[in-house]
Amino acid sequence: MNHQALEKTALAMVAADRGILAADESNATIEKRFKGPGIPCSEESRRAYRELLFVTPHMEQHISGVIMYDETLRQKTKDGVPFPKHLADKGVVPGIKVDKGTKDLVNYAGETITEGLDGLRERLAEYYGLGARFAKWRAVITIGQAQGGWWLPSKFAIDANSHALARYAALCQEAGIVPIVEPEVLMDGDHDLARCEEVTDAVLESVFDALGQHRIHLEGMVLKPNMVIAGLKCAQQASVEDVAVATVRCLKRHVPTAVPGIAFLSGGQSSELATAHLSAMNALGKLPWHLTFSYGRALQDGAIKGWKGEAANVQRAQDWFKHRALMNSKACAGSYRSDMEKALVA
Ligand code: 13P
């Protein structure tokens with residue numbers, strides 16, 4: 001195993017003032033995102049949309065890596081350049097989502113396990129050949145109450161998902177690919193900030209225990225967690241400052257300093273709130289890891305809505321994406337302010 005190459009890639013992914021674009025929606029998920037603005041979902045419309053993002057002028061100033069879906073990794077710009085090569089030529093690390101989504105966990109109603117380990121070694125070898133240098137696997141943890149009345153998540157579901165994440169991470173590192181380890185505690189529900197912190201604590205403890213047991217080279221991975229945040233239906237939403245303090249407190253308890261960086265998912269937060277939270281965390285003072293973004297919806301919502309599937313709107317969509325990337329870059333330095341939104345909108 002080439003630890004040095006893994007470390008170099010991981011550091012590039014979390015380089016100062018840059019973050020990751022999660023453009024790895026499955027075909028079913030991107031179809032849902034296209035539905036609002038009425039964009040027909042086809043192989044070509046998906047390609048055209050991803051190209052729009054990837055050729056945005058100077059996006060590499062703020063974007064360090066892009067996570068793609070299997071189909072996207074094999075697609076090309078209209079000039080015939082494979083997306084992974086186009087990105088790598090700009091200094092953006094190409095990545096690939098390798099999990100196969102969640103399935104119901106038998107005997108644990110309301111909980112899921114992420115699948116995709118079978119044949120993963122062979123798929124990773126192919127993805128490396130196609131230019132991918134990092135991968136992503138998302139485990140999903142739900143807070144709530146099952147039909148039988150017991151509280152979720154169960155320790156069993158947390159540990160089963162941690163085990164799968166660690167097996168995936170080991171296979172990635174064997175293949176020379178940096179694993180993004182993504183245990184997502186969902187924002188759905190009416191739980192408060194304290195409950196999210198309690199669950200995120202338990203999840204991160206389990207994840208790093210499993211990573212340790214699988215002898216993962218921590219310097220060659222990136223953690224992609226949720227922020228500690230109240231549920232979307234909670235009547236008492238926490239302040240930006242409270243979210244920042246709780247999230248950093250939770251991470252400090254569990255994430256070894258050997259891990260080079262933490263790249264948050266946005267998880268259903270509005271674009272501006274996801275930026276504000278990240279900035280508030282980075283403004284708290286020096287931390288042992290780079291704290292950055294790996295947003296999907298929060299980096300794309302306005303781009304999809306602005307594009308509407310029409311060539312005439314490409315620049316409008318790119319302007320939105322570039323502005324969001326810039327705002328999040330400021331957040332990496334802890335210097336984002338909401339009045340920059342108006343000042344910098346194209
Ligand atoms: P969101 O930022 O939309 O949560 O997506 C990030 C991601 O990659 C989820 O797996």
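**Entry 1: a loop residue**

In which loop does K308 lie? I found K308 in the loop between α11 (297–307) and α12 (314–332). Helices (H or I, at least four residues) and strands (E, at least two) are DSSP runs, numbered from the N terminus. My model is a predicted one, where local features need pLDDT of at least 70 and side-chain atom pairs count only at pLDDT 80 or more, while totals for chains, interfaces and linings use all residues. Residues are numbered from 1 along each chain as its sequence is written.

I looked up the backbone of K308 too: its phi is near 55 degrees, a positive value in a residue other than glycine. K308 counts as partly exposed because it has 15 C-beta neighbours inside 10 Å. My cut-offs: a residue is buried if 20 or more other C-beta atoms lie within 10 Å of its own, exposed if 12 or fewer, and partly exposed in between, with C-beta atoms placed from the backbone.

D17 is not a glycine, yet I read a positive phi of about 65 degrees for it. D17 sits in the loop between α1 (3–13) and β1, and it is partly exposed, with 17 other C-beta atoms within 10 Å.

I also noted a cis peptide bond from L152 to P153, with omega near 5 degrees. P153 belongs to the loop between β8 (151–152) and α7 (155–174).

**Entry 2: the whole protein**

I counted 13 helices and twelve strands in the protein. The radius of gyration is 19 Å, close to the 20 Å that the globule rule gives for 346 residues, so the protein is as compact as a globular protein of that length. (This radius is taken over C-alpha atoms, and the rule is 2.2 Å times the number of residues to the power 0.38.) Of the 346 residues, 47% count as buried.

**Entry 3: the barrel**

In what order do the eight strands close into a barrel? I traced β1-β2-β3-β6-β9-β10-β11-β12, with parallel pairing. Two strands pair if DSSP finds at least two bridges between them.

Strand β1 (residues 19–23) is joined to strand β2 (residues 63–68) by five bridges, and G65 in β2 is the bridge partner of I20. Helix α8 (residues 193–213) packs on the sheet and touches β6 and β9; its direction makes about 150 degrees with that of β9. (Angles run from 0 to 180 degrees between N-to-C directions, and axes are lines fitted to C-alpha atoms, for helices over the stretch in contact. Contact means C-beta atoms, placed from the backbone, within 7 Å.)

**Entry 4: strand β6 and its partners**

Strand β6 (residues 134–141) is largely enclosed by the rest of the structure, because seven of its eight residues are buried. Three parallel bridges pair β6 with β3 (residues 93–97), and G95 stands opposite F134. Eight bridges join β6 to the parallel strand β9 (residues 178–185), where E182 stands opposite R138.

P179 is in β9 and counts as buried, with 30 C-beta neighbours inside 10 Å. Beyond four places in sequence, its contacts include A135, W137 and M221.

**Entry 5: around the ligand**

Which residues are around the ligand? My list includes R138 and E182, along with A22, L265, S266 and Y295. (Near means a C-beta atom, placed from the backbone, within 6 Å.) The shell divides into four nonpolar, three polar and three charged residues. Here Ala, Val, Leu, Ile, Met, Phe, Trp, Tyr, Cys and Pro count as nonpolar, Asp, Glu, Lys and Arg as charged, and the others, Gly among them, as polar.

Methods:
Contact = placed C-beta atoms within 7 Å.
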